Amino acid sequence: MTTQAHSPEAYLTRIPQEVLTRITYFIRTPDLCNARLTCRALEKALFHSFAYEFFRKKQFMVYSPSLQCLVDISKHESLSPYLKHVIIGLDQVIRPNPYHPPPGDQRWLNWQLAYADQQALLCSGRARDMLAEAFKNLPDLETVDLRDFHSTTRWRDDGAGWTSYGYNTLVESTGVRHSTGGPTTNDDADYPTRLFTVITHALAAAKARPQGIEVVIRENWGILDHGFFVPTYLQPDYLPVLAGLKKLHLVLELQPSRHQTGTTSGSYLLRRFLAYTPNLTWLRINLKRYGTDNVNGEALLKWLASSSRPGSWSSPDSVNGDPSLVPPPVELDHLEQLDLGQLHVSTSTLYRLFRKFSPTLKAISLHRIRLRHHFDQSSFDDNDDDEERNPWVRLLRKLKKESLPHLKTLLLSFLSAQVTTDTGVTIHYPEVGFVDPDRVETQQQGTPAPGYQTLKGVVHLIRSRTYSGLELETFLSNPAAEFSTPSKEISGPPDNDETSESDSDSDDGIPSDGMLDDEGSHL
């Protein structure tokens, strides 16, 4: 009796699916592609895991070969159902510099052609048309993402990142490493705004219904207010896109103007835009990384904290302002998660914002927030330690009393604070951190813990904490026990600009504690 020899491929095809998937999880991308080419059975067995990893979420750039790839994937019968998250990168082909050309005539020519191609796509509307064609062919599209970086989360190929499709080929063909984020010249400052407009108009033209639009920007730029303009002629197709959104993440550049009122300065069109998104469950608002538009950020949050419902608080600007100039407040009745970042805001505005959404909020994230708090001198006790005087402690204590019945998660990171009195004394807390629970436990066991000395002993500071469950309840009951302020700076009366900002944004709205409302009277 003879036995039939089996090829290695035949053995591989008999391996259980989950084992085969686990084996190929650890090999490099070229080896994975070679394994799929071995035989039809292996290609079929590996297709789902391959398509899920490489096509579920994919990044492209405004460059003809890249956008054409997106269109081709959208038309592919097997791959298009997997593509649910489309990322458009803010990669820019640098303007060719004749004084510093790359080596070789062909690379110099490629550079000029690539730059001309990107400009033509934007100026002619071809970029919008190609995106609209792709979005129309992706019925399962969930998220469209605009970002200015390449992700480093790829585990294969010795840590190679997820770049925009076509970027590496562009670099190789031109001999130039082109910009992936941040303006290269002053003329490029509105590039994120231009691409945001292109993307949203493409979604409207395609009659697409994604659940989320995300702007994820790390460099020092953001979306300008004109990017949120909804033209009348496009409203029949545009408004259903906004009405279907569950998630909206924004990075803003709010530009002040002397010709605008303080109520709408820098965000009039954004406020009208948000009025068309009543079904949001997750809203994220960050200002650009090194912005100076703190007054406009405060005004935007005051408007967001306002409500037109009877018995609810509304900012004086919303009540007394011209309705044609001040959009009415939005209610966002389904909001479950609110993320704020890169903002200077008064305690009262943040308190009223949380109180407005308290019936539905499940998660709050605050990143790089400077909290401002104003006392009258009679309530300012010089004997209070810094933790008790900390505006974050006072805010969170009041939130506990007010109660956020559905809150499950609270993330706080890289906080700071500023306390002022009516005599003009200002106390700055450049770092408001947290006592590291792991170091505290080590210290209790008798092992010295590095840190700095306070009246409470040696404290090791960490800048970020996430609270949930019982830990969240404990923290809100006694936040002073975990907050830590390692340093402070005391200054005299602020200059005129700072005084006017502090007075207009006085911490009105949290009962008692010696705080003043907008008119200067006790609450």
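Tutor: Start with a rule: two strands pair if DSSP finds at least two bridges between them. Strands themselves are DSSP runs of E with at least two residues, helices are runs of H or I with at least four, and both are numbered from the N terminus. This is a predicted model, where local features need pLDDT of at least 70, side-chain atom pairs count only at pLDDT 80 or more, and totals for chains, interfaces and linings use all residues. Residues are numbered from 1 along each chain as its sequence is written, and side-chain values use heavy atoms, with hydrogens and water left out.

Now look at β3. It runs parallel to strand β2 (residues 85-89), with 5 bridges between them. On that side, H85 stands opposite T143 in β3. A further 5 bridges link β3 to β4, again running parallel. There, L146 stands opposite V215 in β4.

How enclosed is β3? In β3, 5 of the 5 residues are buried, so the strand is largely enclosed by the rest of the structure. In a regular strand the side chains alternate between the two faces of the sheet. In β3 both faces are covered. T143, D145 and R147 are buried on one side, and V144 and L146 on the other.

Follow the chain out of β3. The loop between β3 (143-147) and α8 (167-174) holds W155. At 42% relative accessibility, W155 is partly exposed. A salt bridge is a side-chain nitrogen of Lys or Arg within 4 Å of a carboxyl oxygen of Asp or Glu.

Rings of Phe, Tyr and Trp (its six-membered ring) pair if their centres lie within 6.5 Å; planes under 30 degrees apart are stacked, over 60 edge-to-face, and the rest tilted. The structure has 14 aromatic pairs. Y25 and F26 make an edge-to-face pair, because their ring planes stand at 80 degrees, with centres 5.1 Å apart. Y25 is partly exposed at 34% relative accessibility. F26 counts as exposed, at 58%.

Another edge-to-face pair is F228 with F273, since their planes meet at 65 degrees, with the centres 5.1 Å apart. F228 sits in the loop between β4 (212-216) and α10 (235-243), and F273 in helix α11 (residues 268-274), so the pair ties together parts 45 residues apart in sequence. F228 is buried at 2% relative accessible area. F273 is buried too, at 0%.

Elsewhere, F50, F54, F55 and W162 make up one aromatic cluster. Charges also meet rings: NZ of Lys or CZ of Arg sits over a ring if within 6 Å of the ring centre and within 35 degrees of the ring normal. The charged end of K58 lies over the ring of F55, 5.3 Å from its centre. The charged end of R56 does this over Y52, at 4.7 Å from the ring centre.

Last, the salt bridges. The count comes to 16. One of them joins E253 and K288, with the closest N and O atoms 3.2 Å apart. E253 lies in the loop between β5 (247-252) and α11, and K288 in the loop between β6 (282-287) and α12 (294-305), so the bridge ties together parts 35 residues apart in sequence. Both E253 and K288 are buried. Another pairs R128 with D129, with the closest N and O atoms 3.0 Å apart. R128 is partly exposed at 31% relative accessibility, and D129 is partly exposed at 36%. R465 bridges to E471 at 2.9 Å between the closest N and O atoms. R465 is buried, at 8% relative accessibility, while E471 is partly exposed at 36%. Salt bridges with shared partners also link R309, E331 and D333 into one network.

Note on methods: Buried < 20%, exposed > 50% of the residue type's maximum accessible area, 1.4 Å probe, protein only.
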